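Please read the points below with the structure open beside you.

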Amino acid sequence: MIKKIRNIWYVSIYLPDHQKTGHYSRRSETFASESEAKQFAAAKIAAGSEVSAGTLNPVSPKRIVRPSEIEKWLSEKTNTPAS
C-alpha cells in the first residue's frame, strides 16, 4: 500500500489589486512540511509579498503565523515530525 503524504502547512500570499482574479485578495499553497512552507514563504517575502502561514485542520496543535510574525517564524528552528 502506498502512503500518501498529506499537506499539513499552508502559506497565504496577499495579492495586490492588479493581480486579483475575482474578489479574492489572497492565494494559498499547501505543503507537506514546515520547512517546505518556510522556504516558499521566504521566497515570496524576498519578492515583496505579504505572507501569512499556518497548519491545516486536523493538525494539532493549531498554528497560525500572522504577517507581523513571519520573520520570527522563519528564524525559528523547524520541528521535524518523527517517522
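1. In this predicted model, Ser 12 lies in strand E1, which covers residues 9–14. With a relative accessible area of 6%, Ser 12 counts as buried because that value is under 20%.

2. When neighbours within four places in sequence are left aside, the residues in contact with Ser 12 are Arg 26, Arg 27 and Ser 28, together with Glu 50, Val 51 and Ser 52.

3. Thr 55 belongs to strand E3, made up of residues 51–55, and Thr 55 is buried as well, with a relative accessible area of 3%. Again leaving aside neighbours within four places in sequence, Thr 55 is in contact with Ile 8, Trp 9 and Tyr 10, and also with Pro 61, Lys 62 and Arg 63.

4. Turning to the aromatic rings, the count comes to two aromatic pairs. One of them is formed by Phe 31 and Phe 40, whose ring centres are 5.1 Å apart and whose planes stand at 45°, so this pair is described as tilted.

5. Are the two residues of this pair, Phe 31 and Phe 40, buried or partly exposed? Phe 31 is buried, at a relative accessible area of 13%, whereas Phe 40, at 21% relative accessibility, is counted as partly exposed. The value for Phe 40 does not fall under the 20% limit, and therefore Phe 40 is not classed as buried.

Terms used:
Residues numbered from 1 in each chain as written. Predicted model: local features only at pLDDT ≥ 70, side-chain atom pairs only at ≥ 80, totals over all residues. Heavy atoms only, no water. Helix = DSSP H or I, 4+ residues; strand = E, 2+ residues; numbered from the N terminus. Buried < 20%, exposed > 50% of the residue type's maximum accessible area, 1.4 Å probe, protein only. Contact = heavy atoms within 4.5 Å. Phe/Tyr/Trp six-rings, centres within 6.5 Å; stacked < 30°, edge-to-face > 60°.
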